[in-house]
Amino acid sequence: SRLIDRYRDRTSNSRDLFEEATDVFPGGDTRAATYHRPYPSFIESAEGYTLTTADGEVLLDFLNNYSTAVHGHAPEPIVHAITDQVERGNALGAPTEVATELGQRLVDRVPSVESVRFANSGTEATLTLLEVAKAATGRERVLKVDGGYHGHHPEVDVGLPSADHRGRHPENVGTETVAYNDVDALKDVFAEHGEEFAVFVLEPILGAGGMIPATTEYLETARDLTTDTETLLAFDEIQTLRLAPGGAQQRYGVEPDLTALGKVIGGGLPVGAFGGRREIMDVCHPERRSVVHSGTFTANPATMAGGVAALDMLDEGAISDLNRLGATLRQRVTEIASAVDVPLTVTGDGSFFQVHFADEPIDRWDDVPDDQVAKRILFMAMRTEEVFIAPRGMGNLSTPMAEAQLDTFCDAFETALEAVEA
Ligand code: PLP
């Protein structure tokens, strides 16, 4: 509560703005993830790795809008590409070449994606990907992993990651769940129901479920079992494309049949995409009318232009710098906690990290400790040190960052750990 008092003292403008917002929005916002107690800070502007709040604080941003802002905020080449497109007109009711340019980049980067379609969010991408899988296989059921997050639509709204979600829609029809990173459980479910599933969809790193990378054995088993049962294997790489030019499937060496994409591919504007083998994706051909995939803002030119600029900046060198910094940060945070005997495990890969207050290895969703309170204290303590992460203790890096930003993070983390211990 001392932390909350300190927060309130510094954020009176945000409090006033939040009160105004609650007149208009249930809960004062229109996005569950950005809500936290006593109220979130309002952001006035952002540049590079900083956010400036309505209260004049300058935060070091290790959240990057849940990883969409891989180049930080308002990077010049992306701003230029987007404004240039908007000035020439946007959302034109007809195709534009810039969408093909972005599609080509995705196809070039991700070999399993031979053919692709855009959507306006990751939620919409996975929703339509499941439709494609059903149309292509003639089967109706979906298999996902416990703790897997694929957006907010009913078919994936089961076995959800956070304590806030757990238990929602438990009787959800059509979707079966299986334990993540548990090879035997996967074999069992395929032995019993394998021929019923249109698709097995999973994140190569369980994201909202705790930033837990899949084991190679699990991914390879998934590949074999889906092939044997003529089930499609779909990777939700909405978060993980930033791990390698070709995403986690390249980094981990397992190729799916279908891939969902989003976040970094829109240059910071709303986006999603799904793609895969050509003969599967052909169910979207408008003349077949097998899957009618439309959307007034789909392949929005400004988003496409922003995405082209963002991906051109996210080359192999930029990604390897990000991944190296990520490994350093995970290591340093682990060392800080162990020096003061706080039980802590840092999960993640590439430029992602998540802290968990437990000293057991965290390989499965079930291993994630029930440490919501400690994570929220950490979040608030980091926030009063002007370092911004997700309330669930997750963060990621952006390309403008260097060792100096890790130093600031680590200093804040050391101070914040004292608050967690107190
Ligand atoms: N899938 C994964 C793996 C995600 O991380 C997210 C968003 O966090 C989504 C799907 C949903 O994407 P969106 O928020 O753009 O609807």
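How far apart do the C-alpha centres of domain 1 and domain 2 lie? In this predicted model, in which local features need pLDDT of at least 70, side-chain atom pairs count only at pLDDT 80 or more, and totals for chains, interfaces and linings use all residues, the C-alpha centres of the two domains lie 26 Å apart. Residues are numbered from 1 along each chain as its sequence is written. The protein chain is divided into domain 1, made of residues 2-70 + 316-421, and domain 2, made of residues 76-313, the bounds being those of an automatic or database domain assignment.

The contact between the domains takes 25 residues from domain 1 and 25 residues from domain 2, where two residues are in contact if their C-beta atoms, placed from the backbone, lie within 7 Å. On the side of domain 1 that touches domain 2, helix H12 (316-339) and strand S14 (352-356) each supply at least two residues; helices (H or I, at least four residues) and strands (E, at least two) are DSSP runs, numbered from the N terminus. The largest share of this side of domain 1, 4 residues, comes from S14. By class, the side of domain 1 that touches domain 2 has 10 nonpolar, 10 polar and 5 charged residues, with Ala, Val, Leu, Ile, Met, Phe, Trp, Tyr, Cys and Pro counted as nonpolar, Asp, Glu, Lys and Arg as charged, and the others, Gly among them, as polar.

The ligand is surrounded by 15 residues, of which the closest are Ser121, Gly122, Thr123, Gly151 and Ile238; a residue is near a molecule if its C-beta atom, placed from the backbone, lies within 6 Å of it. Helix H6 (residues 122-137) gives the most to this shell, with 3 residues. The residues of the shell divide into 3 nonpolar, 10 polar and 2 charged.

Gly151, one of the closest residues to the ligand, is also touched by Val156, whose other contacts, not counting residues up to four places away in sequence, are Thr126, Lys144, His150 and Thr175. Val156 is found in the loop between strand S5 (141-145) and strand S6 (175-178), and Val156 is buried, with 24 other C-beta atoms within 10 Å; a residue is buried if 20 or more other C-beta atoms lie within 10 Å of its own, exposed if 12 or fewer, and partly exposed in between, with C-beta atoms placed from the backbone. Val156 and Gly267 are 111 residues apart in sequence and 26 Å apart in space, C-alpha to C-alpha.

The 13 residues of helix H2 (residues 12-24) should span 18 Å at 1.5 Å a residue, which agrees with the 19 Å between its end C-alpha atoms, the expected span being 1.5 Å times one less than the number of residues. In H2, Ser14, Leu17 and Phe18 are buried, and, seen down the axis of H2, its buried residues fall within an arc of 105°, so they line one face of the helix; the arc is that of the directions from the helix axis to the C-beta atoms. The buried residues of H2 pack against strand S2 (50-53), while Ser12, Glu19, Glu20 and Asp23 are exposed on the other side of H2.

Helix H8 (residues 216-228) has 13 residues and reaches 18 Å from its first C-alpha to its last, close to the 18 Å expected at 1.5 Å a residue. In H8, Tyr218, Leu219, Ala222, Leu225 and Thr226 are buried, and these buried residues, seen down the axis of H8, fall within an arc of 135°, so they line one face of the helix. They pack against helix H7 (183-193), strand S7 (197-202), strand S10 (232-236) and helix H9 (247-252), whereas Thr216, Glu217, Thr227 and Asp228 are exposed on the other side of H8. Just after H8, Glu230 takes a positive phi of about 55°.

Most residues other than glycine have a negative phi, and most peptide bonds are trans. Ser67, although it is not a glycine, has a positive phi of about 85°; Ser67 lies in helix H3 (residues 64-67) and counts as buried, with 24 C-beta neighbours inside 10 Å. Lys263, likewise not a glycine, has a positive phi of about 45° and is placed in the loop between strand S11 (258-262) and strand S12 (272-276). A cis peptide bond, with omega about -5°, joins Arg37 and Pro38, and Pro38 has its place in the loop between H2 and strand S1 (43-47).
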